[in-house]
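Please study the sequence and the structure before reading each solution.

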Amino acid sequence: MIKAEQKPIDEILRYLDPYNKILLSGCGACVTVCHAGGEKEVELLASGLRMARQKIGKRMEVLELTPARQCEPEFALEMSQTIEKAEAVLSIACGVGVQTLVRHFPRIPIFPGVNTTFLGETITHGVWEERCQACGNCVLEKTGGICPISRCAKQLFNGPCGGSSKGKCEIKKEADCAWQLIYDRFKALNQLYKMEEIIPAKRWGVESRDSGLRRIVREDLKV
Amino acid sequence: MKAGSHLEKVLEKHLFAVTGELGPPKGNDVSVVKRKAELLKGYVDAVNVTDNQTAIVRMSSIATSSFLIQMGLEPVMQMTTRDRNRIAIQSDVFGATALGIKNMLCLTGDHHTFGNQVDAKNVHDLDSIQLIDCVRTMRDQGRRLGGEEKIEGEIKLFIGAAENPFGDPFEFRAIRLGKKVAAGVNFIQTQCIYDMNRFKEWMKMVRDRGLHEKCHILAGVTPLKSGGMARYMAKNVSGIIIPDEIIDRVVKAKKPAEEGIKICIEQIQELREIEGVHGIHIMAIEWEQMVSKITEMAGLLPRPKVE
């Protein structure tokens, strides 16, 4: 799922400085799972903002709302009435959610309250790690189900660099070397021969973000 | 002959090759290039010119290589995929070969976070193996990557790459060299060797795969200047292994620098005896003045003149 982290409160207060009544909007999907922008975080941040503004003698009213999925138009549109009461919106959904609101509410300023960080998985309570860069042409079949695009600091396709040491990446000592993991996996599957194949240059410019805005159109689902 | 470079001729004649290394200046001061080049001239067959090594901004390897040619030295131009996408890479290959550069070392490059531009966006459009394949395609098929259109002119390059027998997973390191050979590499320079046992074990895996007959392997050495340097490298540089007895020798020596040179010479002599090692790559980092001494004491002089 999409992972996010709350922005520093000083940065958020700076965005909101000109406003006295805002809507703080969370999202019930990904950011709830990673404890960055769910109902609970909306409540906490709202009281934090109120207190901070009260402290400097500039009281601010904070309305609270947490739609099930801020990135879906029907949920975003349900927010209309509340949004109209506010001078600005602080969204602690991911960057997608923020932009859904921007698309539907062109006359109100909308600010991000979190940094959308990556597509990742939960390792353990309170720890998440990146697993996918949405490169547009999944290579996991070639790499034993472990993604070197998201997990190797140099996005190598043909094995580890010289900095792989005792299973760890030289860039971040706490990170496993993706290619060590791939090697271990293929070894366990008795498929090391797969690592002898050269994976050719990826077509970044056709498959990935480098091709310009990506869009999926499913004629069968259109109404 | 792939490119007809001096280095290629030396290796093809089965002469034991010696290469050195030159780090370009952190600016445009050509006198730095000249000073370092003079220290290497006549003692090595070719000189690697690093490409913003450790991701510190320096004079470009193409420009520096071109200066070396003017000074009568043969460069091995290093090129990393860290800073260039395939458009820039191929364009630079056109430019470099037009300037007379005949050897190229294909590298992924040190990660940019090690250097002085940590805010940079790294590129990694290709990896080093894909880069080898790209340059081989340009040279042997006369066409650019992913297209049939003919290149105007001829690309002649003796294609090199690096390999690190001290990186992990160790068992994969010979397989990885095999991939480089399959991609078209002509010669390999290794990471600096201190752990002779592990290097010999790697060379055995290389020979078992017959790779020593498909590419020239130049064994990398770096003389240790001091006990502090030895300890620092052993502890902090991933992919470098320095056995304790070597650290101890330098640490306990009355003149550590001299001991470092002595160890380096012993290493060269030992490496020379290993089947499949066709040369030595001396990386005397900011210690270029020692290359004359090392090559002389290791019995590598005079360097051959080949036609």
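**Exercise 1.** How many Å apart do the C-alpha centres of domain 1 of chain A and domain 2 of chain A lie?

*Solution.* The structure is a predicted model, in which local features need pLDDT of at least 70, side-chain atom pairs count only at pLDDT 80 or more, and totals for chains, interfaces and linings use all residues. Residues are numbered from 1 along each chain as its sequence is written, while chains are lettered from A and ligands numbered from 1 in the order in which they are written.

Step 1: chain A is divided into domain 1 (2-117) and domain 2 (133-211), with bounds from an automatic or database domain assignment.
Step 2: the C-alpha centres of these two domains of chain A are 37 Å apart.

**Exercise 2.** What box do the C-alpha atoms of chain A fill along the principal axes?

*Solution.* The box is roughly 65 × 45 × 25 Å.

**Exercise 3.** Determine how many residues of helix α6 of chain B are buried, and what covers them.

*Solution.* Step 1: a residue is buried if 20 or more other C-beta atoms, placed from the backbone, lie within 10 Å of its own.
Step 1: by this rule, 9 of the 11 residues of α6(B) (173-183) are buried, including R173(B), L177(B) and V181(B).
Step 2: their cover includes α5 (128-140), β5 (158-163), β6 (187-192) and α7 (196-208) of chain B.
Step 3: just after α6(B), G184(B) has a positive phi of about 115°.

Conventions: Buried ≥ 20, exposed ≤ 12 C-beta atoms within 10 Å, placed from the backbone. Helix = DSSP H or I, 4+ residues; strand = E, 2+ residues; numbered from the N terminus. Contact = placed C-beta atoms within 7 Å.
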